[in-house]
Amino acid sequence: LLARARQSSAEALTELRELVRGIHPPVLAERGLGDAVRALALRLPVATEVNVSLPGRAEAPVESAAYFAVSEVLANAVKHSGADRIWVDVHHAEGRLRITVTDNGRGGAVAGAGSGLAGVERRLGTFDGVLAVSSPAGGPTLVTVEIPCASS
């Protein structure tokens, strides 16, 4: 009985570690937001250019929220835009982390109920952050994420 309990605990711990890695990727924790966004871009099937200008690092929860916002925006661009190019700009200025994701797709993206962008908006709201979407029919789509934060 003790051996089974120990085995179950070990399995639960392994599952929990895998979940945490999925929630907070190691590259984000170890190398910061810039490298984490670059790693995301490398996995995309669409040509993606990433420009990063960060003087330091934001607090971990802010970096995590920004990372998952970018991840969702990139996933939407790949799935729905029909784009063949994506540009990502990540920088910190005047006490704000600002990320823009632009694609040359067909446009029409909205941050309404039921879209992944609505979830991003809610997550950013926790940090007094905002999400702005400009996506006229015919494109291009420009999504801007801004989060007030200090940089170390």
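This briefing covers a helix, some loop residues, a pocket and the salt bridges of one structure. The model is predicted. Its largest pocket has a volume of about 250 Å³. The salt bridges come to 6. A cis peptide bond joins Gly139 and Pro140.

**Helix H4**

- Helix H4 runs over residues 60-81 and has 22 residues.
- From first C-alpha to last, H4 reaches 30 Å, close to the 32 Å expected at 1.5 Å a residue.

- Pro25 sits in the loop between helix H1 (2-23) and helix H2 (26-31).
- Pro25 has a relative accessible area of 10%, so it counts as buried.
- Leaving aside neighbours within four places in sequence, Pro25 is in contact with Tyr67 and Phe68.
- Pro25 and Ser64 are 39 residues apart in sequence, and their C-alpha atoms are 8.9 Å apart in space.

**Loops with particular backbone angles**

- The peptide bond between Gly139 and Pro140 is cis, with omega at about -5°.
- Pro140 belongs to the loop between strand E4 (130-134) and strand E5 (141-148).
- Glu94 is a residue other than glycine with a positive phi, near 50°.
- The loop that holds Glu94 lies between strand E2 (85-93) and strand E3 (96-103).
- Glu94 is exposed because its relative accessible area, 83%, is over 50%.
- Asp128 also has a positive phi, near 60°, in a residue other than glycine.
- Asp128 is placed in the loop between helix H5 (116-125) and E4.
- With a relative accessible area of 60%, Asp128 is exposed.

**The largest pocket**

- Rolling a probe the size of a water molecule over the atoms shows where empty space is left.
- The largest pocket has a volume of about 250 Å³.
- The lining has 16 residues, and the closest to the pocket centre are Asn76, His80, Ala109, Val110 and Leu117.
- H4 gives the largest share of the lining, 5 residues.
- H4, E3, H5 and E5 each supply at least two lining residues.
- By class, the lining has 7 nonpolar, 8 polar and 1 charged residues.

**Salt bridges**

- Side chains of opposite charge can pair when their charged atoms come close.
- The count of salt bridges is 6.
- Arg85 and Glu49 meet through their side chains in a salt bridge, at 3.6 Å from N to O.
- This pair links distant parts of the chain: Arg85 is in strand E2 and Glu49 in strand E1 (residues 47-53), 36 residues apart.
- Arg85 is partly exposed, with a relative accessible area of 30%, and Glu49 is partly exposed at 43%.
- Glu146 forms a salt bridge with Arg96, and the closest N and O atoms are 2.9 Å apart.
- Glu146 in strand E5 and Arg96 in strand E3 are 50 residues apart, so this pair too links distant parts of the chain.
- Glu146 counts as buried at 17% relative accessibility, whereas Arg96 counts as partly exposed at 28%.
- Arg57 and Glu63 also meet in a salt bridge, at 2.6 Å from N to O.
- Arg57 is partly exposed, with a relative accessible area of 30%, whereas Glu63 is buried at 4%.
- Arg31, Asp35 and Arg38 are linked in a network of salt bridges.

How values were computed: Residues numbered from 1 in each chain as written. Predicted model: local features only at pLDDT ≥ 70, side-chain atom pairs only at ≥ 80, totals over all residues. Heavy atoms only, no water. Helix = DSSP H or I, 4+ residues; strand = E, 2+ residues; numbered from the N terminus. Expected span 1.5 Å × (residues − 1). Buried < 20%, exposed > 50% of the residue type's maximum accessible area, 1.4 Å probe, protein only. Contact = heavy atoms within 4.5 Å. 1 Å grid on protein atoms, 1.4 Å probe; cavity = no way out; pocket = protein on both sides within 12 Å on 5 of 7 lines; lining within 4 Å. Points joined across faces, edges and corners; volume = space filled by probe spheres on them. Nonpolar A, V, L, I, M, F, W, Y, C, P; charged D, E, K, R; others polar. Salt bridge = Lys/Arg side-chain N within 4 Å of Asp/Glu carboxyl O.
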